[in-house]
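Dear colleague,

I am passing on the structure below, together with notes on what turned up when its coordinates were worked through. Please read them alongside the model and tell me where your own reading differs.

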Amino acid sequence: MQNRYNKTITACFTGYIVQAIVNNFVPLLFLTFQRTYHIPLSQITLLVTFNFGIQLLVDLLSVSFVDKIGYRVSMVIAHILAAVGIVLLTFLPELLPSTFAGILIAVMVYAIGGGLLEVLVSPVVEACPSDNKEKAMSMLHSFYCWGHVGVVLFSTLFFQIFGISNWKVLAVIWAVVPLVNAFVFTKVPMAALMEEGEIGLSLKDLLGMKLFWILLIMMVCAGASEQAVSQWASTFAEKGLGVSKTIGDLAGPMAFAVLMGSSRAFYGKYGDRINLDKFMIYSSLLCILSYLGVSLLQMPQLNLIACAVCGLSVGIMWPGTFSKASAALPKGGTAMFALLALGGDVGCSGGPTLVGMISGMMGDNLKIGILAGVIFPSLLLTGIILCRKREQKS
């Protein structure tokens with residue numbers, strides 16, 4: 001039975017690579033868009049906000065239609081939209097009177113696909129029969145990290161060999177990945193998230209449960225803990241060490257992503273021998289220490305090492321919270337996964353925003369901003385302890 005679903009799980013792993021392409025390819029082209037299309041950088045930076053804003057909206061709306069049209073159809077649509085959006089980038093800006101509007105429409109299309117993938121991939125893996133679902137979930141989420149690393153490295157190599165002027169060719173190459181995976185999802189077996197005749201919890205049911213609120217806050221904190229440092233790691237490398245942007249990206253966010261992926265892959269391989277709660281508690285403590293290291297240590301090299309260690313510490317937070325929610329609320333269904341994805345995305349956008357706002361208020365002191373961000377892993381740690389107490393009582 002399990003072997004029958006191996007192809008499904010592999011397709012889901014690829015789905016998270018698609019998610020990484022959607023979120024990380026276009027930011028590599030921001031300066032190219034600025035130079036080629038003469039778009040002010042202030043407008044271009046809105047693309048990130050717009051991308052995640054659309055994904056947040058899709059997270060919320062998916063509750064109302066995913067169960068109706070089914071997971072297979074939704075998966076295929078998500079991949080096709082991701083591919084179409086990336087391809088639209090190559091001609092739509094020049095086709096429309098406003099180049100920025102063309103880019104915005106392309107981003108909107110692939111962001112809808114990305115938002116759907118975030119809601120769909122985890123429950124599809126959760127539904128597949130496996131010996132240890134926590135291991136499968138952690139391994140799944142590691143593929144987003146490897147996808148992130150792969151997108152940056154392959155794109156950088158492509159630009160070095162063929163020149164950044166050929167970015168449209170690379171965009172089409174990246175679009176092939178979701179297109180092929182869409183076809184794969186028309187063939188692979190799909191297990192039902194619920195037993196036949198069972199109905200998932202409604203939004204009203206979920207929102208009336210204290211345990212769900214704890215888990216939702218944990219997801220917000222997981223996303224915030226991850227991105228609050230990740231988004232600023234490159235700036236640390238450039239300013240603190242005085243290196244080029246390319247080296248800064250490799251030493252900062254790249255090291256963060258590699259260690260985060262390593263943490264998830266480690267639990268994905270050995271999770272059957274490790275207590276998830278203890279792993280998450282120790283990871284949260286390590287995350288708090290890494291935040292303190294980034295903000296309080298006086299040597300730039302040590303600050304950068306602390307950034308990388310933060311990647312190691314946050315690896316289990318997102319997939320671990322998903323696994324805890326699945327185990328604690330087995331009838332959560334699509335609504336639960338959609339709201340948890342929504343919470344994670346809120347954290348991903350809110351964490352860096354809080355750090356930036358506090359830094360700005362303190363005279364652009366990034367260290368003080370990140371010190372304020374220590375609240376996120378601290379709240380996550382509190383949530384894990386509260387969940388453990390509830391489990392022990394029941």
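The buried residues of helix α16 are M317, W318, P319, G320, T321, F322, S323, K324, A325 and S326, where buried means under 20% relative accessible area, exposed means over 50% and partly exposed lies in between, with a 1.4 Å probe and protein chains only. Because 10 of its 12 residues are buried, α16 is largely enclosed by the rest of the structure. This helix covers residues 317–328 and reaches 16 Å from its first C-alpha to its last, close to the 16 Å expected at 1.5 Å a residue, the expected span being 1.5 Å times one less than the number of residues. Helices (H or I, at least four residues) and strands (E, at least two) are DSSP runs, numbered from the N terminus.

This is a predicted model, in which local features need pLDDT of at least 70 and side-chain atom pairs count only at pLDDT 80 or more, while totals for chains, interfaces and linings use all residues. Residues are numbered from 1 along each chain as its sequence is written, and side-chain values use heavy atoms, with hydrogens and water left out.

Helix α15, residues 300–314, can be described in a similar way. Its 15 residues should span 21 Å at 1.5 Å a residue, and the end C-alpha atoms are 21 Å apart, which agrees. The buried residues of α15 are N303, L304, A306, C307, A308, C310, G311, S313 and V314.

For the chain as a whole, there are 19 helices and zero strands. Along the principal axes, the C-alpha atoms fill a box of roughly 60 × 50 × 35 Å. Buried residues make up 52% of the 394 residues. Contact here means heavy atoms within 4.5 Å, and among contacts between residues at least 6 apart in sequence, 82% join residues at least 24 apart.

Turning to the interior, a nonpolar core is a set of buried Ala, Val, Leu, Ile, Met, Phe, Trp, Tyr and Cys residues joined through side-chain atoms within 4.5 Å. The largest such core has 118 residues, and F25 and F33 touch the most other members. Helix α8 (residues 99–127) gives the most to this core, with 14 residues.

F33 deserves a paragraph of its own. At 1% relative accessibility it counts as buried, and, not counting residues up to four places away in sequence, F33 touches V26, H38, I39, I44, L89, I103 and W167. The whole structure holds 11 aromatic pairs, meaning rings of Phe, Tyr and Trp (its six-membered ring) whose centres lie within 6.5 Å, with planes under 30 degrees apart counted as stacked, over 60 as edge-to-face and the rest as tilted. F33 and Y37 form a tilted pair, 5.9 Å centre to centre with 40 degrees between the planes; being four residues apart in helix α2 (residues 30–37), they are separated by about one helical turn. F33 and W167 form an edge-to-face pair, 5.4 Å centre to centre with 75 degrees between the planes. Since F33 lies in helix α2 and W167 in helix α10 (residues 167–185), this pair ties together parts that are 134 residues apart in sequence. W167 is itself buried, with a relative accessible area of 4%.

H38 has a positive phi of about 55 degrees although it is not a glycine, and at 69% relative accessibility it counts as exposed.

Elsewhere, F266, Y267, Y270 and F279 form one aromatic cluster. The charged end of K269 sits over the ring of Y270, 5.7 Å from its centre, a term that requires NZ of Lys or CZ of Arg within 6 Å of the ring centre and within 35 degrees of the ring normal.

Lastly, Q19 lies in helix α1 (residues 6–24) and counts as buried at 3% relative accessibility. Leaving aside neighbours within four places in sequence, Q19 is in contact with Q55, G114, L117, E118 and Y144.

With best wishes
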